[in-house]
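Please read the following account alongside the sequence and the model, moving from one chain to the other as the text does. It begins with a pair of helices and then turns to sheets.

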Amino acid sequence: MTSLAKQLARDWFGGLGRGTLLCREIVVSLVRVKPVWRDVLYQMYFIGVKSQTVVIITGMFTGMVLCAQTYFQFHRVKMDSLTLAVVSVSMGSELGPVLTGLMVAGRVGAAIAAQIGTMRVTEQIDALRTLAAHPVDYLVVPRFLGLFLTMPLLTVESIALGIAAAYVVASFLLGVNQADAWHQMMRHTDDIDMLTGVIKTFVFGGVIAVVACYKGLSCPQGAEGVGHATTEAVVYSSITILISNFFLTMILNTLLR
Amino acid sequence: MMIEVRNLKKSFGALRVLDGVDFSIEKGEAVTIIGVSGGGKSILLKLLIGLITPNAGEIHIEGQNIAGMNERQLLQVRRKFGMLFQSAALFDSLSVEENVGFLLRREGRTAAAEISRRVGEVLELVGLEGTQKKMPAELSGGMRKRVGLARAVVYRPEIVLYDEPTTGLDPIAADSIDQLIIRVVETFNVTSVAVTHDMRSARRISRRILMLHQGRIYADQTPDEIFKSVDPVIHRFVNGIAEPIGKESLI
């Protein structure tokens, strides 16, 4: 049992160390090597355009259900007009960034880990290195920049759609006074709520890129290894997003308010 | 001296794969490393190009010791190498033309038209003219190896490494790969290091054969000397004679 615990601790700290080295290598690459913007643009297309369905559905239905639940509670105490304000603040600072992050981790993180993992087990990564191309420059940095730049756009889209869907539900389904609800929403939503949400998305984008690329690059041999790396990429990036979200909320609220 | 290896050691956990390997290869030489499967031949090849880091020893490429270099320093040294992988390792998302011209395009120093011309030239050399637009998935095993060879030589490296170049190919395809390797050595005057357990291929493509046995260089001779050797280890390997299996073992 003790040896198992030691082994687990060694694996965990080993992974953390190698992940940190990958982060350092990404920074070195960003400083020293000019990114290939065509590759970055392709990644932005792959991440942004191809994630539209999940982002739209997630944003809209989260806004709609949040609106309905808030209304049902607030209606009892005659606070219907504050429904949209709750939706706006929640979507802007917490639900929008976190749910978009989790959905992108599931779709894009898995794809990145599978692509790079397959390249590793079929010796394509070694072939890259023999052709004088650093895997971090060629594979990791375009994906990192793609996620870093696209995540805020996807999140803002998700937040906007969530609020719009909530507005429709509140106005046309639940009978909330439109002008009143809109006025209360504008009154109670700070710029800082939205800014907090957007800052978080840069971190979440970076987390997904680093975890997925690391899992792909350290993928064990064989088809089972690729499957394992893909699963771990999604699980670890999702967990990291949820944990880091709490600390980011605390830090950003302390710094910005 | 083009390649000089001194007291090279490599272990994976408790398994010692290379246990003090020493040899040197001169510029323009064609050398083949033979040995049993799992004996560390491919590991030795990957050590030469810095894909794996040794536990101890020195690897000098044109006098420069690469054993302690980091990945970014190694990128500069690897420009001198071309490598044909056992599985060809073509980038499956890129076409044949993009695979072959990968390094030239990435360096950004050569005009697109010139890259296209050189890719066409080298594809003609390996007998695959007109396949530029094909994807790797559309190619047979032999064709993939030819494309891999074209990719390894298009930028005129000084050293070309071949990892099991004929493994998994039918005898005719294997023979054509052997011919191509000989043609590449003659055309580009490169130093060639191949790893194989295909003795027919080893005899054809090399002027010197190194035999790796129990983690060390056991023999360093010409192909003729190797084939005529009466040393029991070499003789058994060259003629494919396994150790006799006793009745007890069979039971």
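In chain A, helices α8(A) and α9(A) are roughly antiparallel to each other, a description that applies to angles over 145 degrees, whereas angles under 35 count as roughly parallel, 65 to 115 as roughly perpendicular and the rest as oblique. This is a predicted model, in which local features need pLDDT of at least 70 and side-chain atom pairs count only at pLDDT 80 or more, while totals for chains, interfaces and linings use all residues. Residues are numbered from 1 along each chain as its sequence is written, and chains are lettered from A and ligands numbered from 1 in the order in which they are written.

Two packed helices are described by the angle between their axes and the distance between the axes. For α8 (residues 191-217) and α9 (residues 222-256) of chain A, the axes come within 8 Å and cross at roughly 150°; here axes are lines fitted to C-alpha atoms, for helices over the stretch in contact, and angles run from 0 to 180 degrees between N-to-C directions.

A:L217 belongs to helix α8 of chain A and is buried, with 20 other C-beta atoms within 10 Å. A residue is called buried if 20 or more other C-beta atoms lie within 10 Å of its own, exposed if 12 or fewer, and partly exposed in between, with C-beta atoms placed from the backbone. Between A:L217 and A:T201 there are 24 Å in space, C-alpha to C-alpha, for a separation of 16 residues in sequence. Chain A as a whole has nine helices and zero strands, helices (H or I, at least four residues) and strands (E, at least two) being DSSP runs numbered from the N terminus. Of its 257 residues, 45% count as buried, and the C-alpha trace of chain A spans about 65 × 50 × 35 Å along its principal axes.

Chain B contains an open sheet of six strands in the order β6-β7-β8-β3-β9-β10, with mixed pairing; two strands pair if DSSP finds at least two bridges between them. Strands β6 (81-84) and β10 (216-221) of chain B stand at the edges, each with a single partner strand, so one side of each is left without a neighbour in the sheet. On average, neighbouring strands of this sheet are turned by 20° against each other, direction ignored.

Within this sheet, five of the five residues of β8 (residues 191-195) of chain B are buried, so this strand is largely enclosed by the rest of the structure. In a regular strand the side chains alternate between the two faces of the sheet. In β8(B) both faces are covered, with B:T191, B:V193 and B:V195 buried on one side and B:S192 and B:A194 buried on the other. Strand β3 (residues 30-34) of chain B pairs with β8(B) in the parallel sense over four bridges, and B:A30 stands opposite B:S192. Strand β7 (residues 159-163) of chain B also runs parallel to β8(B), joined by five bridges, with B:V160 opposite B:S192. Together with helix α7 (residues 171-188) of chain B, β7(B) and β8(B) make a right-handed β-α-β unit, meaning that, with the strands pointing away from the viewer, the path from the first strand over the helix to the second runs clockwise.

Chain B also has an open sheet of four strands, in the order β2-β1-β4-β5, whose pairing is antiparallel. Its edge strands are β2 and β5 (64-65) of chain B, each of which pairs on one side only. Strands β1 (residues 3-12) and β2 (residues 15-25) of chain B run antiparallel and are joined by eight bridges, with B:L8 opposite B:V21. These strands form a hairpin with two residues between them, and B:G13 in the turn has a positive phi of about 65°.
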